[in-house]
Amino acid sequence: MQKNYTSLGLMSGTSGDGVDASILNSDGISEFEVIKNQFFEYDNEIFKNIHSLKDKIFNKKDLKRFYDEISTLENKITFFHAKIIKDLNLKNKNLLVGFHGQTIYHNAKEKISLQLGNGRLLHQLTKNKIIYNFRKNDILNGGEGAPLTPIFHQLMVTQKKIKMPV
């Protein structure tokens, strides 16, 4: 018998307008159930800071040039995510939190992807198990930086008994 896990996925997209939070229960292999989906909009300051930085960063050198701004924004984004976890009022001590962070720069050819969000700080603030930095290993091994997508697609195919064309 497989053990089921309750997980909270936190993801913000390219639009940089906020965070999608999804709470799922899954055995991690063939079953999942959506418990709740909710969107949390960034405040105006975070939104402006994200887009201002994205408009200035075009290469690896820019990541170094704007290090202080990046670090300040990363802390704000991490605290924003901690508030989401608090607002969801999850009492599960074994909760796994998937923390994507906010993409500020992505270039798979250069094998660089920077998501703003400090997983260690989020753990300290929430006392939850935080899984983060998903993209790094995928990119270093030739992927595009979306390692969870194929796993989810396989789960959907299995659970829905979808026949794939050969």
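**Sheet, ring pair and pocket**

Five strands form an open sheet in the order S3-S2-S1-S4-S7, and the pairing is mixed. The model is predicted, so local features need pLDDT of at least 70 and side-chain atom pairs pLDDT 80 or more, while totals for chains, interfaces and linings use all residues. Residues count from 1 along each chain as its sequence is written, and side-chain values use heavy atoms, leaving out hydrogens and water.

Q: What makes S3 and S7 the edges of the sheet?
A: Strand S3 (32-41) and strand S7 (129-132) each have a single partner strand, so one side of each has no neighbour in the sheet. Strands here are DSSP runs of E with at least two residues, helices are runs of H or I with at least four, and numbering starts at the N terminus.

Q: How do you know that S1 and S2 are paired?
A: Pairing takes at least two DSSP bridges between two strands. S1 (residues 5-11) and S2 (residues 18-26) are joined by seven bridges and run antiparallel, so they count as paired. Tyr5 stands opposite Ser26 in S2.

Q: What makes S2 and S3 a pair?
A: Nine bridges, in the antiparallel sense; the rule asks for at least two. Ile23 stands opposite Lys36 in S3. Their hairpin has five residues between the strands, and Gly28 there takes a positive phi near 80 degrees.

Q: Why is the pair of Tyr42 and Phe80 called tilted?
A: Rings of Phe, Tyr and Trp (its six-membered ring) pair if their centres lie within 6.5 Å; planes under 30 degrees apart are stacked, over 60 edge-to-face, and the rest tilted. The Tyr42 and Phe80 centres are 5.0 Å apart and the planes sit at 55 degrees, so tilted it is. By this rule the count is one aromatic pair.

Q: What makes this pair a link between distant parts of the chain?
A: Tyr42 is in the loop between S3 and helix H1 (44-56) and Phe80 is in helix H3, 38 residues apart.

Q: Which residues lie nearest the centre of the second largest pocket?
A: Ser113, Leu114, Gln115, Asn133 and Lys136, out of 21 lining residues. H3, strand S6 (112-116) and helix H5 (134-140) each give two or more residues to that lining. A pocket is an open set of points on a 1 Å grid over the protein atoms alone where a 1.4 Å probe fits, with protein on both sides within 12 Å along at least five of seven lines; lining residues have an atom within 4 Å of a point.
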